[in-house]
Amino acid sequence: MGCFIATLPIPPPESQNLRISAKTLDKKKLAIIVPFRDRFEELLEFVPHMYKFLKKQNIIFDIFVIQQKDSNRFNRASLINVGYIFTNKNYDYIAMHDVDLLPINDNLKYDYPGLGPLHISSPETHPKYHYATFIGGILLVSRDQFELVKGMSNNYWGWGLEDDEFYVRLKDAGLKVFRPKNITTGTENTFKHIHDKTYRKRDMRKCFNQREVTRHRDRVTGIHDVAYTIHSTHSVAIDDLPITVVNVELLCNKSVTPWCKCPEPAKVKNTK
């Protein structure tokens, strides 16, 4: 749709009957971080689905939609870094969560990942990606774990590879990635994947020296130097379910990552 959801005139509800009761306040609190741009239709389905799914598990959670509102290419990892900075003082762990991936197996538990990062959408069950080191889609990380690896790299403008680099960060820090056990469903019936690759084309362009730089471990950037401005925050509701939208402008140092904006391809002239 190309619209910004923070413009929606939707007031948050005064009460919400799917929220968790006060008796569970001693539990760990989860911030679901959704890196976002132009995915409004998916968000309409994501929010009520996640409320119903996590209510069954008595998870204390809130949803934060970190919306990139600038003209640069989409940077999922930097948005997650911003989401972590925005939420870390009030939450014990985060879920790095794609908006188009909905868990449908109730045995996928979003509990606090105390032993190590918990990859919910494992290669055995993800609808599309099945290589052993894949950790994209949905990953739960505690505050200490995310701080230990200094967050995610800020070098990944456009689609892909930021999760692979994050896997190397976790491995270098000695953090073992755990995955759900005793899952009897497979790639067709563990998640609902609502990405339309025809309508939602991924930005897979490579320009300047992007391909070379992003194939290597980034030992420089992370949560400590993500450059951004928060323009506004909004409490909105979808089907009376509250979420927080954070409108973010990501700032690009073109001397370091000029591929934050790729040149437009030359138009072929019609010689007829």
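Colleague: Hi! Not counting residues up to four places away in sequence, what does Thr125 touch?

Modeller: Thr125 touches Ile120, Ile183, Thr185, Gly186, Thr187, Thr190 and Phe191 once those sequence neighbours are set aside; contact here means heavy atoms within 4.5 Å. One caution before we go on: this is a predicted model, where local features need pLDDT of at least 70 and side-chain atom pairs count only at pLDDT 80 or more, while totals for chains, interfaces and linings use all residues. Residues are numbered from 1 along each chain as its sequence is written, and side-chain values use heavy atoms, leaving out hydrogens and water.

Colleague: Thanks. Where is Thr125 found, and is Thr125 buried or exposed?

Modeller: Thr125 is in the loop between β5 and β6. Strands (E, at least two residues) and helices (H or I, at least four) are DSSP runs, numbered from the N terminus. Thr125 has a relative accessible area of 4%, so Thr125 counts as buried; buried means under 20%, exposed over 50%, and partly exposed in between, with a 1.4 Å probe and protein chains only.

Colleague: And strand β6, how many of its residues are buried?

Modeller: Five of the five residues in β6 (138-142) are buried. In a regular strand the side chains alternate between the two faces of the sheet. On one side of β6 sit Ile138, Leu140 and Ser142, on the other Leu139 and Val141, and all of these are buried.

Colleague: Which strand pairs with β6 over five bridges?

Modeller: That is β3 (residues 93-97), which pairs with β6 in the antiparallel sense; two strands pair if DSSP finds at least two bridges between them. Within this pairing, His97 has Ile138 of β6 as its bridge partner. β5 is also joined to β6, by two bridges, and these strands run antiparallel too. Leu118 stands opposite Leu140 in β6.

Colleague: Let's zoom out. In what order do the seven strands of the open sheet come?

Modeller: The order is β5-β6-β3-β1-β2-β9-β8, with mixed pairing.

Colleague: Why is one side of β5 and of β8 left without a neighbour in the sheet?

Modeller: β5 (118-119) and β8 (228-238) stand at the edges and have a single partner strand each, so one side of each lacks a neighbour in the sheet.

Colleague: In which sense do β2 and β9 pair?

Modeller: Parallel, over five bridges, between β2 (residues 60-68) and β9 (residues 241-250). Ile66 stands opposite Val246 in β9.

Colleague: How many helices and strands does the whole chain have?

Modeller: Five helices and nine strands. From the N terminus on, they run β-α-β-α-β-β-β-β-α-α-β-α-β-β. The protein chain has 272 residues, and 50% of them are buried. Of the contacts between residues at least 6 apart in sequence, 80% join residues at least 24 apart.

Colleague: New topic: where does Phe178 lie, and what is Phe178 in contact with beyond its neighbours within four places in sequence?

Modeller: Phe178 lies in the loop between α4 and β7. With those neighbours left aside, Phe178 contacts Leu115, Gly116, Pro117, Leu118 and His119. The C-alpha atoms of Phe178 and Leu118 are 4.7 Å apart, though 60 residues separate the two along the chain. Phe178 is partly exposed, at a relative accessible area of 25%.

Colleague: And Lys181, buried or exposed?

Modeller: Lys181 counts as exposed, at 67% relative accessibility. Lys181 is in the loop between α4 and β7 (191-193).

Colleague: What about pockets? How much space lies in the largest one?

Modeller: About 900 Å³. On a 1 Å grid over the protein atoms alone, a pocket is an open set of points with protein on both sides within 12 Å along at least five of seven lines, whereas a cavity is a set where a 1.4 Å probe fits but cannot get out; lining residues have an atom within 4 Å of a point. Points are joined across faces, edges and corners, and the volume is the space filled by probe spheres set on them.

Colleague: Which residues of the lining lie nearest the centre of the largest pocket?

Modeller: Arg39, Phe74, Arg76, Trp159 and Arg202, out of 34 lining residues. The largest share of the lining, three residues, comes from α4.

Colleague: Last one: which residues line the largest cavity?

Modeller: Tyr156, Trp157, Trp159, Gly160, Leu161, Lys206, Gln210 and Thr214. That cavity holds about 40 Å³.
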